[in-house]
Amino acid sequence: MRRGNVSQRINDLPNIDPAQFKVPGLGDFAKIGASTHRPRFLLLYGSLRERSYSRLLTMEAARLLEAMGGEVNIFDPCGLPLPDSEPETHPKVTELRELANWAEGMVWCSPERHGAMTGIMKAQIDWIPLSQGAVRPTQGKTLAVMEVSGGSQSFNAVNQMRVLGRWMRMLTIPNQSSVAKAYQEFDDVGRMKASPYYERVVDVMEELFKFTLLTRDVSSYLTDRYSERRETAEDLSRRMNQRAI
């Protein structure tokens with residue numbers, strides 16, 4: 001491997017634009033300020049049933065995040081239209097997108113139905129765009145995934161949501177929660193009973209909170225990409241050349 005200073009090493013990379021190539025360093029993080037406001041979380045659940053176990057589990061997650069000092073909003077999917085069936089100006093779509101922009105971290109919790117997340121869960125995610133102009137509502141934000149099922153423990157829904165989280169360019173935490181036979185895990189007033197399942201939910205929310213504190217201020221730096229910087233530079237150059245014509 002050839003050694004030398006940065007400019008010499010870049011010479012070995014003929015396809016690289018030197019003006020847009022950056023060498024990451026720990027010192028870059030020292031230049032980034034630290035937020036002082038409470039971490040902000042948006043929680044989504046995937047069922048409209050009157051006794052929705054994904055909603056009850058989401059409410060337990062919200063209580064935990066609030067107890068840790070977070071600011072929490074739970075989106076109610078009732079009334080949200082199917083993707084593309086209504087304009088983006090629909091009040092429920094507007095509400096969801098504003099909350100997605102506001103949040104620094106998210107929790108997605110879905111029942112497993114036919115071996116997959118529910119359509120209600122997917123519709124909410126589909127209404128959150130990958131980009132809004134120059135803004136990416138989910139890029140670099142943290143995500144925790146949870147699921148409930150009526151039978152034995154399964155991980156189909158959380159695995160699917162992990163794929164979607166990666167597609168939405170989110171930082172999905174390693175831990176996750178899957179509550180089997182959810183109808184046995186909540187009391188008559190909808191509170192989750194003490195159990196290993198509940199302790200796992202505590203673990204997941206604690207991990208989400210830590211990851212959010214760790215990454216929320218540096219997410220724009222972590223997701224700053226060479227290809228996007230180069231594209232931006234090319235666009236700027238093109239506009240300048242057009243003005244000169």
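Figure 1. Arginine 169 counts as partly exposed because its relative accessibility is 27%, a value between the 20% limit for buried residues and the 50% limit for exposed ones. The coordinates shown here and in the other views belong to a predicted model. Arginine 169 lies in the loop that links helix α6 (156-167) with strand β6 (171-172). Its phi angle is near 60 degrees, a positive value in a residue other than glycine.

Figure 2. The loop between β3 and β4 (116-117) contains histidine 114. Here, too, the backbone has a positive phi in a residue other than glycine, with a value near 55 degrees for histidine 114. Is histidine 114 buried or exposed? Histidine 114 counts as exposed because its relative accessibility reaches 83%, and the exposed class begins over 50%.

**Figure 3. Strand β1 and its pairing with strand β2.** Strand β1 comprises residues 40-45 and is mostly covered, with 5 of its 6 residues buried. Strands β1 and β2 (residues 71-74) run parallel and are joined by 4 bridges. Within this pairing, leucine 42 stands opposite asparagine 73 of β2.

**Figure 4. Strand β1 and its pairing with strand β3.** Strand β1 also pairs with strand β3 (residues 105-113). How many bridges join β1 to β3? There are 5 bridges, and the two strands run parallel. Tyrosine 45 stands opposite cysteine 109 in β3.

Figure 5. The secondary structure consists of 9 helices and 7 strands. Along the principal axes, the C-alpha atoms fill a box of roughly 70 × 45 × 35 Å. The chain has 245 residues, of which 40% count as buried. Among the contacts with a separation of 6 or more, 76% are between residues 24 or more positions apart.

**Figure 6. Surface and charged side chains of the chain.** The accessible surface comes to about 13800 Å², and carbon and sulfur atoms account for 52% of this area. The chain carries 32 positive and 30 negative side chains. The centres of these two sets lie 5 Å apart.

Methods: Residues numbered from 1 in each chain as written. Predicted model: local features only at pLDDT ≥ 70, side-chain atom pairs only at ≥ 80, totals over all residues. Heavy atoms only, no water. Buried < 20%, exposed > 50% of the residue type's maximum accessible area, 1.4 Å probe, protein only. Contact = heavy atoms within 4.5 Å. Areas by Shrake-Rupley, 256 points an atom, 1.4 Å probe, with all protein chains shown as cover. Lys, Arg positive; Asp, Glu negative; His and termini not counted. Charge placed at Lys NZ, Arg CZ, Asp CG, Glu CD. Pairing = 2+ DSSP bridges.
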